[in-house]
Amino acid sequence: MSNFYTMKYDDGVLTVLDQTLLPTNEVYIELKTVQDVYDAIKRLSVRGAPAIGVCAAYGLAISARSRINGDIGIMLSGIKQDAAYLSSSRPTAVNLKYALDRVLDVLCSMSGSYTPSDIIAAIEVEADRMRCEDANTNRNIGENLLSLLHDGDTVLTHCNAGILATTAYGTALSPFYLAKEKGIDLHVYADETRPLLQGARLTAWELCEAGVDVTLICDNMAASVMSTGNINAVIVGCDRVAANGDTANKIGTYGVAVLAKHFGIPVYIATPTTTIDMNCPTGIDIPIEQRDGSEVRTLYGVNTAPSCVKVLNPAFDVTPNELIAAIVTEHGILRPPYSQSLANLFNNPTHE
């Protein structure tokens with residue numbers, strides 16, 4: 001696929017590719033404390049729902065290592081406090097809380113006498129397991145998405161749901177990597193994705209690195225490009241899917257879905273089942289992260305708007321389920337009505 005990696009954990013140090021510096025500089029930073037992990041997630045050095053979940057799991061291993069010489073009870077209490085702290089870094093992506101809860105569940109299940117080293121090892125094993133599961137999940141999502149496409153198709157995507165947002169392959173971008181492996185010809189249009197340009201800085205960069213045919217467009221060009229009749233599908237990732245199929249993804253996705261509906265273009269949501277929140281009834285119940293206005297007022301440190309102007313800067317929007325043609329998971333392709341197909345998925349994980 002590509003020569004870069006999103007994250008690597010070794011002996012208590014988590015090394016991540018600082019995505020805030022792409023595409024100009026490919027810089028890896030070392031995260032050695034829980035505060036380092038929190039800051040990296042908060043400032044988007046590591047981003048993407050699956051990636052921040054795995055990153056946070058390793059963050060709890062770092063938390064445990066910092067307490068190796070302490071009392072077991074105090075150690076476990078501190079790890080739980082750090083889990084709550086890391087969970088607050090980005091509230092919209094359900095994978096973050098899922099990963100942290102999964103590690104805590106492992107600790108709760110430990111029985112008999114155990115040492116601080118046993119706790120550290122248990123956390124690291126679980127984080128490694130999540131990382132491997134993510135890679136396998138993403139490849140399966142890619143295979144399922146590829147079954148919806150044809151040789152020569154052109155796909156529009158928004159934001160970044162590729163290798164940079166996961167541990168391997170990505171979700172929405174995984175079919176393009178698989179197509180490259182299989183010799184299938186696919187073309188990609190990538191929205192720039194304002195205000196932080198994840199499509200321009202990240203999607204365009206990683207697809208170019210992999211030799212995928214990608215064309216970058218401004219967000220406000222999507223309607224014009226769709227009107228040509230040359231877009232066969234829209235594929236996006238997501239940060240949370242509600243039980244009724246409403247889907248939260250990077251701000252601007254809703255608008256893309258409305259345009260796609262107008263032009264008769266199917267919208268496919270690429271999601272691991274860990275991003276589906278069956279405890280969240282509808283999109284109204286999804287918390288939307290509000291970010292600092294400076295992200296909109298400035299670009300690379302240069303003012304593009306008056307410093308005094310008020311700014312609305314939600315990081316995500318919610319696409320209603322009626323605009324979504326299919327939700328594609330590692331277990332198969334779900335169709336409307338999503339309240340039923342999602343429920344069936346969790347009652348029967350091998351659902352196709």
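This is a predicted model: local features need pLDDT of at least 70, side-chain atom pairs count only at pLDDT 80 or more; totals for chains, interfaces and linings use all residues.
**Exercise 1.** At what angle do helix α1 (residues 34-42) and helix α3 (residues 72-87) pack, and how far apart are their axes? Decide also whether the two helices run roughly parallel or roughly antiparallel.

*Solution.* Helix α1 and helix α3 pack at an angle of about 15 degrees, and their axes are 9 Å apart. Angles under 35 degrees count as roughly parallel, and therefore α1 is roughly parallel to α3. As for the hand of the crossing, that of α1 and α3 is right-handed.

The next step is to name the residues: Val34, Gln35, Val37 and Tyr38 in α1 meet Asp82, Tyr85 and Leu86 in α3. Sorted by class, the contact of α1 with α3 has five nonpolar residues, one polar residue and one charged residue.

**Exercise 2.** Describe the aromatic pair formed by tyrosine 38 and tyrosine 85, and say how accessible tyrosine 38 is and how accessible tyrosine 85 is.

*Solution.* The count of aromatic pairs comes to four. In the pair of tyrosine 38 and tyrosine 85, the rings lie 4.1 Å centre to centre with 10 degrees between the planes, and the pair is stacked. Planes under 30 degrees apart count as stacked. The pair links distant parts of the chain, since tyrosine 38 lies in helix α1 and tyrosine 85 in helix α3, 47 residues apart.

For the accessibility, the cut-off for buried is under 20% relative accessible area. Tyrosine 38 counts as buried because its relative accessibility is 14%, whereas tyrosine 85, with a relative accessible area of 30%, is partly exposed.

**Exercise 3.** How do α1 and helix α2 (residues 49-65) pack, and which residues make the contact?

*Solution.* The angle between α1 and α2 is about 165 degrees, and their axes are 9 Å apart. Angles over 145 degrees count as roughly antiparallel, so α1 is roughly antiparallel to α2. The crossing of α1 and α2 is left-handed. From α1 the contact draws on Val34, Val37 and Ile41, and from α2 on Ile52, Cys55, Ala56, Gly59, Ile62 and Ser63. By class, the contact of α1 with α2 has seven nonpolar, two polar and no charged residues.

**Exercise 4.** At roughly what angle do the axes of α2 and α3 cross, and how do the residues of their contact divide by class?

*Solution.* The axes of α2 and α3 cross at roughly 145 degrees and come within 9 Å, and the crossing is right-handed. Ala56, Gly59, Leu60, Ser63 and Ala64 of α2 make the contact with Met75, Gly78, Ile79, Asp82, Ala83 and Leu86 of α3. The residues of this contact of α2 with α3 divide into seven nonpolar, three polar and one charged.

Definitions and conventions:
Residues are numbered from 1 along each chain as its sequence is written. Side-chain values use heavy atoms; hydrogens and water are left out. Axes are lines fitted to C-alpha atoms, for helices over the stretch in contact, and angles run from 0 to 180 degrees between N-to-C directions. Helices (H or I, at least four residues) and strands (E, at least two) are DSSP runs, numbered from the N terminus. Angles under 35 degrees count as roughly parallel, over 145 as roughly antiparallel, 65 to 115 as roughly perpendicular and the rest as oblique. A crossing is left-handed if the near helix is turned anticlockwise from the far one by less than a right angle, and right-handed if clockwise. Contact means heavy atoms within 4.5 Å. Ala, Val, Leu, Ile, Met, Phe, Trp, Tyr, Cys and Pro count as nonpolar, Asp, Glu, Lys and Arg as charged, and the others, Gly among them, as polar. Rings of Phe, Tyr and Trp (its six-membered ring) pair if their centres lie within 6.5 Å; planes under 30 degrees apart count as stacked, over 60 as edge-to-face and the rest as tilted. Buried means under 20% relative accessible area, exposed over 50%, partly exposed in between (1.4 Å probe, protein chains only).
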